[in-house]
Amino acid sequence: MSAISFQSVSKAYPSPRGSQSDTFLALDRVSLDIEPGEFFGLLGPNGAGKTTLITILAGLARATSGRVSVLGSDVQTDYAAARRKLGVVPQELVFDPFFNVREALRFQSGYFGVKHNDAWIDELLESLGLTDKAHVNMRALSGGMKRRVLVGLALVHKPPVIVLDEPTAGVDVELRQTLWAFIAKLNQQGSTVLLTTHYLEEAEALCGRIAMLKQGRVVALDTTSALLKAASGNVLQFKIDSELPPSLKVGARITGRVVQYPATDALAIERYLAAAREAGLMLQDIEIRRADLEDVFLEVMKRHAPAESPTAEVNA
Ligand SMILES: Nc1ncnc2c1ncn2[C@@H]1O[C@H](COP(=O)(O)OP(=O)(O)OP(=O)(O)O)[C@@H](O)[C@H]1O
């Protein structure tokens, strides 16, 4: 039985541009099965549909069509069972301003019907670096601290499946490390983790398997190592003070002074460098590195070049 199963999930919203009968497909027949114990990454550019998929998984929105289940419990027809198996760390900082941290955790525990949970709550506070904030009102916490509490709230009922929607957005390096150490430990102990993030180095380090979404469709799905292997191979990287001639811009990614040129083989790199020399360019800090997940991501997104926004009629 899958830990999380999305079967041909579509979500249509009223089209922002069109007439009333037009719909905009935020998700287009997404099918994914995440196995128990996996650390799974869901990646995609802004607006790809990641949060929509997680919102449907959490039972907070209805899919227009398709089925979603958590460890065999359908999120619509068996909502309470599915919800109990799931711990969701939402992207937005939502919290009750009247509680202090410990009270919020106790309240959430009660919501899931878990009694005498103080030992686990203490462990959560400790693991998330919140012990000295236990009696601080939620209103008085910094953004990063609130995010730690959100993680605690999601885990308070010891769910076997943990969903993290951009948990490290706006979070300092220290908390990221604490958070990942804790989540990795829970994963090693058997929890399934579904993570969305824009920090691709985090996804590369943590996730065993990755799906990439674009415009509501799954455009890549494989193990992280297979995705990395299938990538171009190497990236030539250098800095430059002048403008690149148009011929050298083809296939290159330019960020300020830094130019990155993904290449399948050494010959392509040699050719590029020779052309740069011929053009009289002064390249600085030249290095050749292995393609990383960010290179793979950009390559996949480019391969699935922008299409018209998908519009379709989907049966409710
Ligand atoms: N309630 C809504 N009504 C209409 N359109 C919506 C609604 N919620 C999301 N959308 C649209 O659906 C698409 C997918 O949005 P979603 O938030 O799922 O993307 P995302 O991949 O999570 O993006 P991000 O990385 O920016 O968080 C976007 O085009 C968004 O504008």
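This is a predicted model: local features need pLDDT of at least 70, side-chain atom pairs count only at pLDDT 80 or more; totals for chains, interfaces and linings use all residues.
User: Which residues surround the ligand?
Analyst: First the term: a residue is near a molecule or strand if its C-beta atom, placed from the backbone, lies within 6 Å of it. Here the shell holds Tyr13, Ala26, Gly44, Asn46, Gly47, Ala48, Gly49, Lys50, Thr51 and Thr52. Three are nonpolar, six polar and one charged. In this scheme Ala, Val, Leu, Ile, Met, Phe, Trp, Tyr, Cys and Pro count as nonpolar, Asp, Glu, Lys and Arg as charged, and the others, Gly among them, as polar.

User: Which helix gives the most to the shell around the ligand?
Analyst: Helices (H or I, at least four residues) and strands (E, at least two) are DSSP runs, numbered from the N terminus. Helix H1 (residues 50-57) gives the most, with three residues.

User: How do strands of a sheet pair?
Analyst: They pair through backbone hydrogen bonds, either parallel or antiparallel. Two strands count as paired if DSSP finds at least two bridges between them. Here an open sheet of four strands runs in the order E2-E1-E4-E5, with antiparallel pairing. Strand E2 (23-34) and strand E5 (73-74) stand at the edges with a single partner strand each, so one side of each has no neighbour in the sheet. Strand E4 (residues 65-70) and E5 pair over two bridges. Valine 70 stands opposite serine 73 in E5.

User: Where is there a hairpin?
Analyst: E12 and E13 form one, with two residues between them. Glycine 256 in the turn has a positive phi of about 60°. Three bridges join strand E12 (residues 253-255) to E13, in the antiparallel sense. Threonine 255 has valine 258 as its bridge partner in E13. Strand E13 (residues 258-263) also runs antiparallel to strand E11 (residues 234-239), over six bridges.

User: Which residues of helix H3 are buried?
Analyst: A residue is buried if 20 or more other C-beta atoms lie within 10 Å of its own, exposed if 12 or fewer, and partly exposed in between; C-beta atoms are placed from the backbone. In H3 (residues 101-111), Val101, Ala104, Leu105, Gln108 and Ser109 are buried. They lie on the same side of H3, because they cover an arc of only 135° around the axis. That arc is taken over the directions from the helix axis to the C-beta atoms.

Terms used
Residues are numbered from 1 along each chain as its sequence is written.
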